[in-house]
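Q: Please go through this model with me, and for each term show how the value meets the definition.

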Amino acid sequence: LGHIELCTPVYNPLLFKNLFKLVRCSCWNCRRFKIHKNQSRKLALKLKMLAAGMIAEAKGLDDEIMGTGGAANESSVDASARIETIMSNYETEAASRKRRPLRGIARDYRLQLVRDYLKDIPMQKCANCQLTGTKYRQDGHAKIFRLPLSEKDAKSNRRVAAMLDGRGAGNNENVPPGSTFVLPEEIETHM
């Protein structure tokens with residue numbers, strides 16, 4: 001396929017639907033997905049395991065993490081250590097194996113994992129920085145608009161930012177009233 005040099009960046013209409021989903025799912029304050037970072041790490045591990053041919057292990061990872069090895073009276077510190085050990089062991093094993101092309105069941109499972117992950121991401125509050133994110137709307141397949149925060153959400157963000165001593169906060173407060181066009185350059189630097 002060829003390409004055309006344009007004087008300004010534009011959104012690819014073939015990828016626009018997926019791009020818009022990613023924009024809505026990401027936090028522009030902490031620059032992460034709005035879902036907790038542990039869930040992102042678990043998805044990344046499962047994808048690495050699938051690429052290494054560890055299909056059964058990837059499917060059983062949730063059951064193993066949820067407590068098949070833990071005692072009923074296990075403390076949260078012990079559970080965290082056990083989960084970290086399980087994840088580290090699988091990361092090491094997946095990295096040591098040769099990468100294989102995904103076919104059939106593995107490819108379908110990978111698509112299902114990503115679909116479920118994107119579905120589980122909250123659209124309002126970020127699980128990492130606890131700030132309420134701005135809302136977005138699309139106009140056709142070529143434009144993305146950032147909508148202003150409500151006064152209630154702006155106050156909530158200022159309160160959370162004050163508790164965090166300003167770490168990673170404040171991007172949402174500078175949105176002017178009314179919808180603003182989101183330039184492709186903004187998304188490129190954010191992602």
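A: The model is predicted. Buried means under 20% relative accessible area, and exposed means over 50%. In helix α5, the residues A106, Y109, L113 and Y117 are buried.

Q: How do you know on which side of α5 the buried residues lie?
A: The buried residues of α5 are A106, Y109, L113 and Y117. They cover an arc of only 70° around the axis, and therefore they lie on the same side of α5. An α-helix has 3.6 residues a turn, so residues three or four places apart point the same way.

Q: What does the face of α5 turned away from its buried side carry?
A: That face carries R115 and K119, which are exposed.

Q: What span is expected of α5 at 1.5 Å a residue, and what does the model give?
A: The expected span of a helix is 1.5 Å times one less than its number of residues. For the 17 residues of α5 this gives 24 Å, and the helix reaches 24 Å from its first C-alpha to its last, close to the expected value.

Q: Why is A154 called buried?
A: A154 has 11% relative accessibility, and the cut-off is under 20%, so A154 counts as buried. This residue is found in helix α6.

Q: Which residues of α6 are buried?
A: The buried residues of α6 are D153, A154, S156, N157, V160 and A161. They cover an arc of only 160° around the axis, which puts them on the same side of α6. On the other side of α6, the exposed residues are E151, K152, R159, A162 and M163. What covers the buried residues of α6 includes strand β1 (135-139).

Q: How do you know that the length of α6 agrees with 1.5 Å a residue?
A: Helix α6 (residues 151-163) has 13 residues and should span 18 Å, while its end C-alpha atoms are 19 Å apart, which agrees.

Q: What makes up the lining of the largest pocket?
A: A lining residue has an atom within 4 Å of a pocket point. For the largest pocket these residues are N38, Q39, R41, K42, I65, M66, G67, S80, R82, I83, E84 and M87. The elements giving two or more residues to this lining are α2 (37-51), α3 (55-68) and α4 (76-96). The largest share, five residues, comes from α4. By class, the lining has four nonpolar, four polar and four charged residues. The volume of the largest pocket is about 290 Å³.

Q: Which residues line the second largest pocket?
A: This lining consists of I35, Q39, K42, L43, K46, D62, L113, D116, Y117 and D120. Two or more of these residues come from each of α2 and α5 (104-120). By class, there are four nonpolar, one polar and five charged residues in the lining. About 200 Å³ of space lies in this pocket.

Q: How many helices and strands does the protein chain have?
A: The chain has seven helices and three strands. Along the sequence they follow the pattern α-α-α-α-α-β-β-α-β-α.

Q: What share of the protein chain counts as buried?
A: Of its 191 residues, 31% count as buried. Among contacts with a separation of 6 or more, 72% are between residues 24 or more positions apart.

Methods:
Residues are numbered from 1 along each chain as its sequence is written. This is a predicted model: local features need pLDDT of at least 70, side-chain atom pairs count only at pLDDT 80 or more; totals for chains, interfaces and linings use all residues. Side-chain values use heavy atoms; hydrogens and water are left out. Helices (H or I, at least four residues) and strands (E, at least two) are DSSP runs, numbered from the N terminus. Buried means under 20% relative accessible area, exposed over 50%, partly exposed in between (1.4 Å probe, protein chains only). The arc is that of the directions from the helix axis to the C-beta atoms. Contact means heavy atoms within 4.5 Å. On a 1 Å grid over the protein atoms alone, a cavity is a set of points where a 1.4 Å probe fits but cannot get out, and a pocket is an open set with protein on both sides within 12 Å along at least five of seven lines; lining residues have an atom within 4 Å of a point. Grid points are joined across faces, edges and corners, and a volume is the space filled by probe spheres set on the points. Ala, Val, Leu, Ile, Met, Phe, Trp, Tyr, Cys and Pro count as nonpolar, Asp, Glu, Lys and Arg as charged, and the others, Gly among them, as polar.
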